[in-house]
Amino acid sequence: MIKILFVCLGNICRSPSAEGVFRYQTNKLQNKNAGSQNLYIDSAGTAGFHVSSPPDKRAQITALKYGVNISNLRARKLSSIDFENFDYLLAMDNSNLEVMKNNCPLNNQNKLHLFMSFSENNFGVTDVPDPYYGDIEDFEKSYKIITSASYGFLKFLINKYNL
Ligand code: 4NP
């Protein structure tokens, strides 16, 4: 089992979208490829402002437009046990990566990655832009970037583990 955790600030916009998109992309692959390695997929926020909340309505609407239903996800805060339990902890931006680095034991630092480092198209950014204070267009932009990074990460896993 490969365990993957997507991490942003509030766990209501970017990381639940990434969780939903990545699950959708891997389900498609697994339907074609029976017996492929199991993946455990989750998301969390470095801040606890929105714990137990569903994803932001704008994130839900944007994902659903592309066939991805994230309405059943609930926000949770990143916990120190996550550094132990997960194999890949993917930060949506550099500021969250910094928080993760500061909280992660040395022996698990190699599990921390910037999500965009897996994207084939970098869109001129290293961070998935935070759409929270923006409008639905900003959610759309972030969603496109997330889709690309998610696909790049999936390709990375396929190569590395022969999924
Ligand atoms: P996220 O977006 O980190 O992509 O979930 C945010 C959600 C909430 C807040 C900031 C960013 N907030 O300040 O409440």
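How does the radius of gyration of the protein chain, with 163 residues, stand against that of a compact globule? A compact globule of 163 residues would have a radius of gyration near 15 Å, and the protein chain agrees because its own value is 15 Å; the radius is taken over C-alpha atoms, and the globule rule is 2.2 Å times the number of residues to the power 0.38. This is a predicted model, in which local features need pLDDT of at least 70 and side-chain atom pairs count only at pLDDT 80 or more, while totals for chains, interfaces and linings use all residues. Residues are numbered from 1 along each chain as its sequence is written, and side-chain values use heavy atoms, with hydrogens and water left out.

**Overall fold**

- The protein chain contains five helices and four strands, where helices (H or I, at least four residues) and strands (E, at least two) are DSSP runs numbered from the N terminus.
- Read from the N terminus on, the order of the elements is β-α-β-α-α-β-α-β-α.
- The C-alpha trace spans about 40 × 35 × 30 Å along its principal axes.
- Of the 163 residues, 48% are buried; buried means under 20% relative accessible area, exposed over 50%, and partly exposed in between, with a 1.4 Å probe and protein chains only.
- Among contacts (heavy atoms within 4.5 Å) with a separation of 6 or more, 71% come from residues 24 or more positions apart.

**Aromatic pairs**

- The whole structure holds 11 aromatic pairs; rings of Phe, Tyr and Trp (its six-membered ring) pair if their centres lie within 6.5 Å, and planes under 30 degrees apart count as stacked, over 60 as edge-to-face and the rest as tilted.
- One of these pairs is Phe 118 with Phe 156, which is tilted because the ring planes stand at 55°, with the centres 5.0 Å apart.
- This pair links distant parts of the chain, 38 residues apart: Phe 118 lies in the loop between strand S4 (112–114) and helix H5 (136–161), and Phe 156 lies in helix H5.
- Phe 118 counts as buried at 12% relative accessibility, whereas Phe 156 is partly exposed at 27%.
- Phe 156 also pairs with Phe 153 in a stacked arrangement, at 6.0 Å centre to centre and 20° between the planes.
- Phe 153 and Phe 156 are three residues apart in helix H5, so about one helical turn separates them.
- Phe 153 is buried, with a relative accessibility of 0%.
- One aromatic cluster is formed by Phe 6, Phe 22, Tyr 88, Phe 115, Phe 118, Phe 153 and Phe 156.

**Cavity**

- There is one cavity of 30 Å³ or more; on a 1 Å grid over the protein atoms alone, a cavity is a set of points where a 1.4 Å probe fits but cannot get out.
- The largest cavity has a volume of about 50 Å³, a volume being the space filled by probe spheres set on the points, which are joined across faces, edges and corners.
- Its lining residues (those with an atom within 4 Å of a point) include Cys 13, Arg 14, Phe 139 and Tyr 143.
- Helix H1 (14–32), helix H2 (57–65) and H5 each give two or more residues to this lining, and H5 gives the most, with four.
- The lining of the largest cavity comprises six nonpolar, three polar and one charged residue; Ala, Val, Leu, Ile, Met, Phe, Trp, Tyr, Cys and Pro count as nonpolar, Asp, Glu, Lys and Arg as charged, and the others, Gly among them, as polar.

**Pocket**

- The largest pocket holds about 160 Å³ of space; a pocket is an open set with protein on both sides within 12 Å along at least five of seven lines.
- Residues lining the largest pocket include Cys 8, Cys 13, Arg 14, His 50 and Asp 130.
- Seven nonpolar, three polar and two charged residues make up this lining.
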